[in-house]
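Here are my notes for you, written as numbered points. Have the model open beside them and click on each residue as you read.

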Amino acid sequence: AAEYFNYKKFFEMVGLKKKSPEDVKKVFQILDKDQSGFIEEDELRFVLKGFTPDGRDLSDKETKTLLAAGDKDGDGKIGAD
């Protein structure tokens with residue numbers, strides 16, 4: 001449901017916390033559609049579709065919340081680290 005996405009629960013549900021660093025990097029590369037080495041806001045909007053073909057797009061608010069959670073240096077994108 002729109003505005004209900006909980007990124008912590010989602011990543012727990014898909015098991016990313018239990019994945020090896022190599023597996024997490026593979027997921028990162030899948031989500032990094034333009035292969036820039038970063039996941040930008042436009043790529044995050046479609047994150048659910050990277051896990052399931054019938055996944056919905058995130059709302060602007062959900063996307064910004066997810067970006068803020070992963071953007072450790074405040075540059076507006078998420079790096080592989």
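1. Let's begin with Q35, which sits in the loop between α2 and β1. Helices here are DSSP runs of H or I with at least four residues, strands are runs of E with at least two, and both are numbered from the N terminus. Q35 has a positive phi of about 55°, although Q35 is not a glycine. Is Q35 buried or exposed? Q35 counts as exposed because its relative accessibility is 54%. The cut-offs for accessible area are under 20% for buried, over 50% for exposed and in between for partly exposed (1.4 Å probe, protein chains only).

2. A word on what you are looking at: this is a predicted model, where local features need pLDDT of at least 70 and side-chain atom pairs count only at pLDDT 80 or more, while totals for chains, interfaces and linings use all residues. Residues are numbered from 1 along each chain as its sequence is written, and side-chain values use heavy atoms, with hydrogens and water left out.

3. Now go inside. The largest nonpolar core has 12 residues, including F5, F10, F28, L31, I39 and L44. Both α2 and α4 supply at least two residues of this core. By nonpolar core I mean buried Ala, Val, Leu, Ile, Met, Phe, Trp, Tyr and Cys residues joined through side-chain atoms within 4.5 Å. As background, nonpolar side chains tend to be buried together in soluble globular proteins.

4. Zoom in on L44, in helix α3. L44 is buried because its relative accessible area is 4%. Which residues does L44 touch, not counting those up to four places away in sequence? They are I39, L58, T63, L66, L67 and I78, where contact means heavy atoms within 4.5 Å. L44 and T63 are 19 residues apart along the chain, yet 6.1 Å separates their C-alpha atoms.

5. Leaving aside neighbours within four places in sequence, L31 is in contact with I39, E43, V47, G50 and F51.

6. How many salt bridges does the structure hold? There are 5, counting a side-chain nitrogen of Lys or Arg within 4 Å of a carboxyl oxygen of Asp or Glu. R45 pairs with D60 at 2.7 Å, N to O. That pair links distant parts of the chain, with D60 in helix α4 and R45 in the loop between α3 (41–44) and α4, 15 residues apart. R45 also forms a salt bridge with E41, the closest N and O atoms being 3.8 Å apart. R45 counts as buried because its relative accessibility is 17%, whereas E41, at 22%, counts as partly exposed.

7. E62 and R56 form a salt bridge as well, their closest N and O atoms lying 2.8 Å apart. Salt bridges that share partners join E41, R45, D60 and K64 into one network. E62 is buried, at 5% relative accessibility, and R56 is partly exposed, at 24%.

8. Last, the largest pocket, with a volume of about 760 Å³. A pocket is an open set of points on a 1 Å grid, with protein on both sides within 12 Å along at least five of seven lines, and its lining residues have an atom within 4 Å of a point. The volume is the space filled by probe spheres set on the points. Of the 27 lining residues, F11, V24, G70, I78 and G79 lie nearest the centre. Which element gives the most to the lining? The answer is α2, with 6 residues.

Definitions and conventions. 1 Å grid on protein atoms, 1.4 Å probe; cavity = no way out; pocket = protein on both sides within 12 Å on 5 of 7 lines; lining within 4 Å.
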